[in-house]
Amino acid sequence: MIDTYRHKGLRKKLVQEIISKGIKDQKVIDAIGKIPRHLFMDSTFDKMAYQDKPFPIGSGQTISQPYTVAFQTELLQLKKGDKVLEVGTGSGYQAAVLLEMGAKVYSIERHHSLYLKSLKLLHDLGFEVNSYYGDGYKGKPALSPFDKIIITAGAPEIPENLIKQLKIGGIMVVPIGSNVQKMKRIIKISENNFDVEDFGDFVFVPMLKGKINS
Ligand code: SAH
């Protein structure tokens, strides 16, 4: 759990890189500058942790590229205290960025080992995350409605069941598609009325049904 001057220096360069790629929200930039991404990855990737790239985190999954994390977070238009549902905890890095920005985070992961590992790390770093092992397609109806929903795996279509768990006026950010995904921002205008915007191509691991005990 060491954050050295070298890590901090590399993180500053990463922040400059995501700014040069178009990220503008200062709170997002500050959070990326603060979270020690190398701790969310296997130590064999330590030297590469501040490259703007995804990396393997086990169970065939990846930690998202920092630019993608920043981009999705910016689209969420996060306010302090927002109740956010995340589908796909993975390494816990995206959850840490949301928590650092003052959100209340409810995060679901379908791989048991990733759920356990990310929960421990986030707690060790002092974050109070509400994380769950389960199928994100189901969401958390008992805890709904959410101000924001962020999906960090590629969904084949807009998950209707999760839209139901979004507040009126709430925002969902979700990559839609199979091989390549289109980043969509959905604003829930009324119970049956949505504003859908498209923010270009991204590549994610797939959002899959069910949970896995590995
Ligand atoms: N937010 C993560 C990204 C991890 S990749 C991070 O910052 O590291 C996407 C994650 O979504 C994977 O861990 C995958 O197991 C998970 N996932 C895919 N489908 C899911 C589902 N239906 N429910 C919950 N998690 C899911």
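Biologist: Which ligand atom does the backbone of Arg110 sit by, and at what distance?
Modeller: In this predicted model, a backbone N or O atom of Arg110 is 3.3 Å from a nitrogen atom of the ligand.

Biologist: OK, and what about Thr152, how far is its side chain from a ligand nitrogen?
Modeller: That one comes out at 3.1 Å, between an N or O atom in the Thr152 side chain and a nitrogen atom of the ligand.

Biologist: What does Ser91 do with the ligand oxygen?
Modeller: Ser91 places a polar side-chain atom 2.6 Å from an oxygen atom of the ligand.

Biologist: How much of the ligand does the protein bury?
Modeller: The protein buries 99% of the 580 Å² that the ligand exposes when taken alone.

Biologist: And what sort of space is the ligand in?
Modeller: The ligand takes up the largest pocket.

Biologist: Which elements give two or more residues to the shell?
Modeller: Strand E2 (61-63), strand E3 (83-87), helix H4 (93-100) and strand E4 (104-109). E2 gives the most, with three residues.

Biologist: Which residues come nearest to the ligand?
Modeller: Gly88, Ser91, Glu109, Gly136 and Leu208, out of 27 residues around the ligand.

Biologist: How do the shell residues divide into nonpolar, polar and charged?
Modeller: There are 11 nonpolar, 12 polar and four charged residues in the shell around the ligand.

Biologist: Switching topic: where's Val205?
Modeller: Val205 is in the segment that follows strand E9 (193-202).

Biologist: What does Val205 touch, leaving aside its neighbours in sequence?
Modeller: Beyond the residues within four places in sequence, Val205 is in contact with Gly60, Gln61, Thr62, Ala153 and Gly154.

Biologist: And how far apart are Val205 and Ser64?
Modeller: Their C-alpha atoms are 9.3 Å apart in space, although Val205 and Ser64 are 141 residues apart in sequence.

Biologist: Now the backbone: what's the phi of Ser59?
Modeller: Ser59 has a positive phi, about 55 degrees, and it isn't a glycine. You'll find Ser59 in the loop between strand E1 (55-58) and E2.

Biologist: Is the peptide bond joining Ser144 and Pro145 cis or trans?
Modeller: The Ser144 to Pro145 bond is cis, with omega at about 5 degrees.

Biologist: Where does Pro145 lie?
Modeller: Pro145 is in the loop between strand E5 (130-133) and strand E6 (146-151).

How values were computed:
Residues are numbered from 1 along each chain as its sequence is written. This is a predicted model: local features need pLDDT of at least 70, side-chain atom pairs count only at pLDDT 80 or more; totals for chains, interfaces and linings use all residues. Side-chain values use heavy atoms; hydrogens and water are left out. Helices (H or I, at least four residues) and strands (E, at least two) are DSSP runs, numbered from the N terminus. Contact means heavy atoms within 4.5 Å. A residue is near a molecule or strand if one of its heavy atoms lies within 4 Å of it. A polar contact is a pair of N or O atoms within 3.5 Å; within protein, one must be able to donate a hydrogen and the other to accept it, and residues adjacent in sequence count only if both atoms are side-chain atoms. Accessible areas come from the Shrake-Rupley method with a 1.4 Å probe; for residues, only the protein chains shown count as cover. On a 1 Å grid over the protein atoms alone, a cavity is a set of points where a 1.4 Å probe fits but cannot get out, and a pocket is an open set with protein on both sides within 12 Å along at least five of seven lines; lining residues have an atom within 4 Å of a point. A molecule sits in a cavity or pocket if more than half of its atoms lie within 2 Å of its grid points. Ala, Val, Leu, Ile, Met, Phe, Trp, Tyr, Cys and Pro count as nonpolar, Asp, Glu, Lys and Arg as charged, and the others, Gly among them, as polar.
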